[in-house]
Amino acid sequence: MTTTYDKETDPVLSREDAIAILNTPDDQLQDLVDRAAALRYKYKGNRVSIHILTNARSGNCSQDCAYCAQSCRSTADIEKYKWVDEDKLYHNNDFVNEHHLSRHCIGLSGMKFTDQEIEELARRIRKMKEHGTHLCCSIGFLTEKQAKMLKDAGLDRINHNLNSSRSFYHNICSTHTFEQRVDNIHMLQRLGFEICSGGIVGMGESKEDIADMLLELREIQPEALPINFLLPIKGTPLGDADTSGLTTEYCLKVLCLARLMVPQSDIRCAAGREVYFKGQEKKLLSVVDSIFASGYLTEGGQSIQGTLRTITDAGFTYEIESA
């Protein structure tokens with residue numbers, strides 16, 4: 001379902017408006033949810049897109065992102081490998097098709113890749129595309145040549161999150177800049193890729209940082225906008241982060257703001273859904289239209305069967321996109 005953003009009737013929020021939304025009193029939250037839900041139903045109807053995520057390359061990353069178990073400064077006890085077993089990758093791809101899920105998302109740790117490594121990935125993509133699966137890759141920084149190789153192989157979408165605001169970014173990463181992320185996204189858009197780009201909430205940022213990140217994402221207009229709520233991982237710099245501010249109410253305010261800011265995008269509640277929204281799935285799904293099942297790279301998640309029950313019990317239908 002693709003709908004053009006209607007600037008005549010949809011809200012165009014200022015920075016001040018955005019901050020005010022994040023400061024909405026809890027006793028007025030339902031009114032905010034209703035505003036966001038109206039846009040959710042306008043653009044997405046009653047459907048929920050479900051995705052599964054395969055960690056195709058794990059650990060040994062040269063980037064120092066503070067939240068990530070795979071980064072060069074993480075001591076988290078995770079499995080590390082250069083390539084996931086191909087049987088597992090193709091099994092997961094078959095799983096997407098057999099369960100009629102929306103998309104197979106594939107994550108690869110690392111900042112840069114050789115052309116040979118990209119060709120190895122392209123070979124795998126070509127095989128998965130034989131089944132018509134809609135594919136998204138999270139793959140660091142590509143050269144234009146490498147991006148074209150993946151485009152030619154049939155890759156549909158690339159995930160490249162902004163993660164936070166321009167002014168806060170240096171607090172979570174020093175191995176690349178926020179501007180490099182934005183430039184990479186623009187290059188991928190010029191080549192015709194769909195874009196998945198969002199952020200992480202709970203890393204010590206301010207409400208102003210959340211507003212600024214979403215203002216940047218409004219300029220990008222990604223096809224999908226995932227919001228992750230921090231799951232502190234022992235062994236990472238944010239392993240002992242205080243997440244007491246991530247109440248269900250505050251997390252909903254962030255998601256409502258994302259919907260109001262970029263209403264035509266797939267607003268996805270990604271990591272943290274099972275922790276911060278337990279028992280509030282009906283309200284959550286009235287705002288977001290996209291979720292993951294079966295885990296998040298190095299962290300577990302709700303099973304596919306449990307996810308389907310969550311969606312149907314809340315009165316929604318899950319989307320059938322893949323062949």
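Predicted model: local features only at pLDDT ≥ 70, side-chain atom pairs only at ≥ 80, totals over all residues.

Visitor: What makes strand 2 largely enclosed by the rest of the structure?

Guide: Six of the six residues in strand 2, residues 103-108, are buried, so the rest of the structure largely encloses that strand. Both faces are covered: Arg103, Cys105 and Gly107 are buried on one side, and His104, Ile106 and Leu108 are buried on the other.

Visitor: Why would neighbours in a strand end up on opposite sides?

Guide: Because in a regular strand the side chains alternate between the two faces of the sheet.

Visitor: How do you know that strand 1 and strand 2 pair?

Guide: Pairing takes at least two bridges. Strand 1 (residues 47-57) and strand 2 have six bridges, in the parallel sense, so they pass. His51 is the residue opposite Arg103 of strand 2.

Visitor: And what joins strand 2 to strand 3?

Guide: Four bridges, with strand 2 and strand 3 (residues 135-138) running parallel. Ile106 has Cys137 of strand 3 as its bridge partner. To get from strand 2 to strand 3, the chain passes through helix 4 (residues 115-129), in a right-handed β-α-β crossover. Strand 1, helix 3 (residues 86-98) and strand 2 form a right-handed β-α-β unit too.

Visitor: What makes strand 8 a paired strand?

Guide: Strand 7 (residues 224-229) and strand 8 (residues 266-269) share four parallel bridges, and two would do, so they count as a pair. Leu225 has Ile267 of strand 8 as its bridge partner. The link from strand 7 to strand 8 goes through helix 8 (residues 248-261), again as a right-handed β-α-β crossover. With strand 9 (residues 290-293), strand 8 makes two parallel bridges, and the cut-off is at least two, so that counts as pairing. Arg268 stands opposite Ser290 there.

Visitor: Which way do the residues of strand 8 point?

Guide: Asp266 and Arg268 go one way, Ile267 and Cys269 go the other, and all are buried.

Visitor: How many aromatic pairs does a search of the whole structure find?

Guide: Four.

Visitor: Why is the Tyr41 and Phe316 pair given the name it has?

Guide: The ring centres of Tyr41 and Phe316 are 6.4 Å apart and the planes are at 10 degrees. Centres must lie within 6.5 Å, and planes under 30 degrees apart count as stacked, so this pair is stacked. Tyr41 belongs to helix 2 and Phe316 to the loop between helix 11 (304-313) and strand 10 (317-318), so the pair ties together parts 275 residues apart in sequence. Tyr41 is partly exposed at 37% relative accessible area, whereas Phe316, at 5%, is buried.

Visitor: What makes Tyr169 and Phe178 edge-to-face?

Guide: The planes of Tyr169 and Phe178 are 70 degrees apart, with 6.0 Å centre to centre. Tyr169 and Phe178 are both buried. Elsewhere, Phe229, Tyr276 and Phe277 form one aromatic cluster.

Visitor: How do you know that Arg124 lies over the face of Trp83?

Guide: Arg124 is 4.1 Å from the ring centre of Trp83 and lies over its face. Lys151 lies over the face of Phe193 in turn, at 5.0 Å from the ring centre. The distance cut-off is within 6 Å.

Terms used. Residues numbered from 1 in each chain as written. Heavy atoms only, no water. Buried < 20%, exposed > 50% of the residue type's maximum accessible area, 1.4 Å probe, protein only. Right-handed = clockwise from strand over helix to strand, strands pointing away. Phe/Tyr/Trp six-rings, centres within 6.5 Å; stacked < 30°, edge-to-face > 60°. Lys NZ or Arg CZ within 6 Å of the ring centre and 35° of its normal.
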